[in-house]
Amino acid sequence: MSQTTSHEDGTPALAAADRLDSWKEIAGYLGRGVTTVQRWEQDERLPIHRLPHAKKGSVFAYRQELDQWIRHRSREGVAKAVTSGEPGTASDLATQAPVHEAQAAKRHWTRLRLGTVASAIVLLLALAAWSAGLNRDAVATPRERLETRPQAPTPLRPVPVANTGDDERAPSLSPDGRQLAYAWLRTSQPGIYVKTLPDGVPKLFWPMGSPRERVYITKWSQDGGRIAFNREEGEDTYGLFAGPVDGPAARLTSMAGVGICWTPDGRALTFADRTSTSEPFSLYSIDLTTRERSRVTTPPAGSFGDTACAWRDDGARLAFTRFSTRFDADVFVVEPETGGPPLKLASGRGGIDDLAWTPDGDELIFTNQPGLRLVRADSTEAPVDVPGIRGQIGHPTFSKPTPLNAASLAFQTEGSNWNAWVWRADQPLQHEPWNGSGVAGEEFPALTSDGQRLAYVRGGQVWTANVDGSQTRQLTFHGAGSDRRIVTDPRWSPDGRRIAFSVPIGEQRDIYVIDADGSNSFRLTSEPSLEDHPAWSADGRWIYFRSDRGGLNHIWRAPASGGAPTKITSGEGWQALEALDGRSIYFVRGTSDSGLWRASVQSGEEQLVISGVRDSRWAVTSDGILFVDTQGRDSRTIRLLPTIGGRTRVVTTLPDDVGGGFTATADGRTVLWTRLTYRAPDVMIVSPWKR
C-alpha cells in the first residue's frame with residue numbers, strides 16, 4: 001500500500017509513486033516542452049512543488065494534481081469560448097483543443113453547402129464542436145493522451161497553390177490561414193500578390209518593374225493587417241517595405257541581409273543588416289513610427305552573421321539563424337528581456353534560409369536541404385525531419401488554428417541545382433555542362449594543374465573524376481547521415497596526388513588532407529575555430545587556409561605534412577592562392593568585399609591588385625590572374641590581368657552568372673565554374689498541418 005507523507009512546508013503529500021521528480025518528467029507527462037511547462041507554472045498556477053533547501057531547479061509534481069489542473073483549465077477554456085465568442089488562450093488551445101475536431105466540423109459544413117445560413121450560426125456550431133472536443137479531451141489524463149499520440153508522424157502531402165508555370169516564391173500565410181502573400185514573377189505584371197485560399201483570384205499588392213526584379217521574403221504581421229517585404233535595390237542592398245494589406249506599402253529603410261520578421265506587437269520589424277562589409281550580419285529592429293533602429297543580436301567577429309529571424313507570439317523568445325561560415329548555420333533562440341546568451345538548438349550544414357515557430361510555440365521548423373526539420377524550443381530533443389517534404393525547400397510559414405480552420409503550413413520549393421560548367425580556349429564560343437546533363441549537382445569544382453582530373457562536392461562529400469566525366473568516385477565519407485555535414489573547398493596538390501578540403505567538426509571547421517586514391521586521410525588543423533578555403537603552395541610543401549582563430553579572419557599556412565601554422569596576412573583575409581613564383585600570395589578580404597590583394601609571404605606587405613574581384617571567382621595562371629568581373633550587375637565576364645603588366649582584357653562572356661565555384665588549369669586554357677540550373681519555384685501548402 002502506498003505511503004502518504006507531508007512536504008517540508010507542512011502541506012500533505014500524495015503517494016510517492018504518483019510523483020514526477022524533474023522538469024523533464026513533468027513536461028513529458030504533459031506532452032509539452034520544459035519551457036512551456038515552466039511558463040504555465042508562472043502564469044497559470046501549474047501545481048509545482050520545490051524542495052525548500054535544495055537548488056532552484058529541484059522540483060517535483062504529482063500526476064493527480066496535474067490531472068486536476070488540466071480538467072479545471074479545460075472548463076475555464078470552454079467558459080471563455082462560450083461567453084466571449086472566442087476560444088481560450090493560445091496555450092489553452094494548444095494543450096486541450098484537438099484541431100481535428102474543428103476541421104471535421106468544417107468539412108461536414110462544407111458538404112451540406114448551406115450557403116444561405118447566417119454566418120453567426122456557422123460560428124455557433126463550430127464553437128459547439130470545439131467545446132465538445134475540449135470536454136472529451138479533459139476526460140483523458142495527460143499520460144493517456146501522450147500514449148495515444150502517433151509514434152511516427154504521418155507523411156505530409158503538400159499541394160501547389162497555383163500551377164501557372166511562372167516563378168512563385170517567398171510565401172507568407174495570414175494568421176487566420178485565409179490568405180497567402182507571395183511574389184509572382186509573371187511576365188505581364190510581376191509583383192507581390194495576395195490570394196484568398198483556396199481558389200481566390202490573386203490581387204496585386206505591390207508591382208515590380210520586371211520579372212528580373214527580386215523580392216526575397218514576404219512576412220504577414222501577427223494581427224493580420226499588414227505585409228512586409230524586402231526588395232533588391234542593388235548589389236547586396238535591399239529596401240525594407242511594409243504596408244496595410246489593401247496598400248500602399250512604404251519604404252522603411254535599407255538593409256544588407258535578407259532576413260525579416262515582425263515583432264509580436266506589430267510596432268517594429270526585425271531585419272538583417274550590417275554597417276560595413278567587413279563585419280558580420282546582425283539583427284536590428286526598426287520602429288515603424290519613429291524609424292529608430294536598435295541592435296538585437298551581436299554575432300562573433302569573423303562569422304558570416306545572423307540572417308533569418310522569427311519572434312514567438314508572446315514576444316518572450318526570438319529565434320534566428322547564425323552562420324559561422326557561409327555554408328554552416330545554426331538555429332538559436334534568445335530571450336531578449338533576460339539578457340542571457342543565445343541557446344543553440346540545431347545545426348544546418350549547407351545553410352538555413354528561413355525558419356518559423358510552429359502554431360503551438362513549442363517547436364521551430366527550419367529549412368535544411370533536402371527538406372524541412374523540426375526542433376523543440378527547449379533543446380531537449382534532436383531535430384527530426386518533416387516526413388513527406390523533400391527537395392529544395394524555402395521560407396516555411398504557418399497560420400494559426402481558429403474555430404473554423406486548422407493551422408496550415410506553406411513553403412517554397414524549386415528544382416534548382418548547382419552544376420559545373422566548362423569553357424575551353426580552343427572552343428571560345430562554346431559553354432556546356434561538364435557532366436553532359438547538368439542535373440547531377442556539382443559544387444566547388446577544382447581542376448588539377450594539367451586539367452586531366454577534377455575534384456568537386458556532391459551531396460556534401462568530395463568526389464573525383466576524369467575531366468571527360470569518366471571514373472567518378474566518392475572520396476570522402478565525413479559525417480554521412482543525420483548531421484548532414486557539408487565538406488567544402490577541395491584543392492589538388494601541384495602533383496595531383498593529394499587533395500585538401502574543409503570539414504565541419506562539432507562547432508568548428510578543420511582542414512583535412514587525403515591521397516587521391518582515398519587513403520591516408522589526416523586532420524591538418526584542430527584549433528577550436530573555423531578553417532576553410534585550403535590552397536597548396538606552388539612547391540606542395542605548404543597549405544594556406546582561412547582561420548578565424550583570434551577573432552578575425554586571416555590567411556594562415558601550415559606544413560602540408562602537419563605542424564604548427566603561422567599567420568600570413570596582417571589585414572583580414574578570406575581565401576588565398578600562392579603566386580607561381582612562391583614569393584607572394586593573392587587573396588580576397590571576405591565574401592562581400594570587392595578586391596583582390598597581394599601580400600609578400602616574407603614581409604606581409606599588402607597591396608590592392610584588382611578592384612572587381614569577389615569571393616572565390618578567380619584563379620592564378622601562368623599568364624596572369626583570371627577573374628570574373630563583378631563590378632557590373634551581372635557576373636558573367638571573365639577577364640585576364642596579365643602577369644607582365646598592362647590592362648585587363650576580356651577572355652570570354654559566359655551565358656549566365658558564375659556562382660561561388662571557379663577553377664582553371666595552370667595555363668588558363670580550361671575553366672570550370674558553377675552555374676545555377678534553374679527551375680521556376682512553386683508555392684506549396686499543407687492543410688491541415690499535423691505534427
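Analyst: Buried means under 20% relative accessible area, exposed means over 50%, and partly exposed lies in between (1.4 Å probe, protein chains only). This is a predicted model, in which local features need pLDDT of at least 70, side-chain atom pairs count only at pLDDT 80 or more, and totals for chains, interfaces and linings use all residues. Residues are numbered from 1 along each chain as its sequence is written, and side-chain values use heavy atoms, with hydrogens and water left out.

User: Is F205 buried or exposed?

Analyst: The relative accessibility of F205 is 9%. The limit for buried is under 20%. F205 therefore counts as buried.

User: How many aromatic pairs are there, and of what kind is the pair of F205 and F229?

Analyst: Rings of Phe, Tyr and Trp (its six-membered ring) pair if their centres lie within 6.5 Å; planes under 30 degrees apart count as stacked, over 60 as edge-to-face and the rest as tilted. This rule gives 16 aromatic pairs. In the pair of F205 and F229 the centres are 6.2 Å apart and the planes stand at 85°, so the pair is edge-to-face.

User: Which strands hold F205 and F229, and how many residues apart are the parts that the pair ties together?

Analyst: Strands (E, at least two residues) and helices (H or I, at least four) are DSSP runs, numbered from the N terminus. F205 lies in β10 (residues 203-207) and F229 in β12 (residues 226-234). The pair therefore ties together parts whose separation in sequence is 24 residues.

User: Of what kind is the pair of F501 and Y512?

Analyst: The ring centres of F501 and Y512 are 6.0 Å apart. Their planes are at 20°, so the pair is stacked.

User: Which residue of β12 is the bridge partner of K219?

Analyst: β11 and β12 pair in the antiparallel sense over 5 bridges. In β12, the partner of K219 is A228.

Terms used. Two strands pair if DSSP finds at least two bridges between them.
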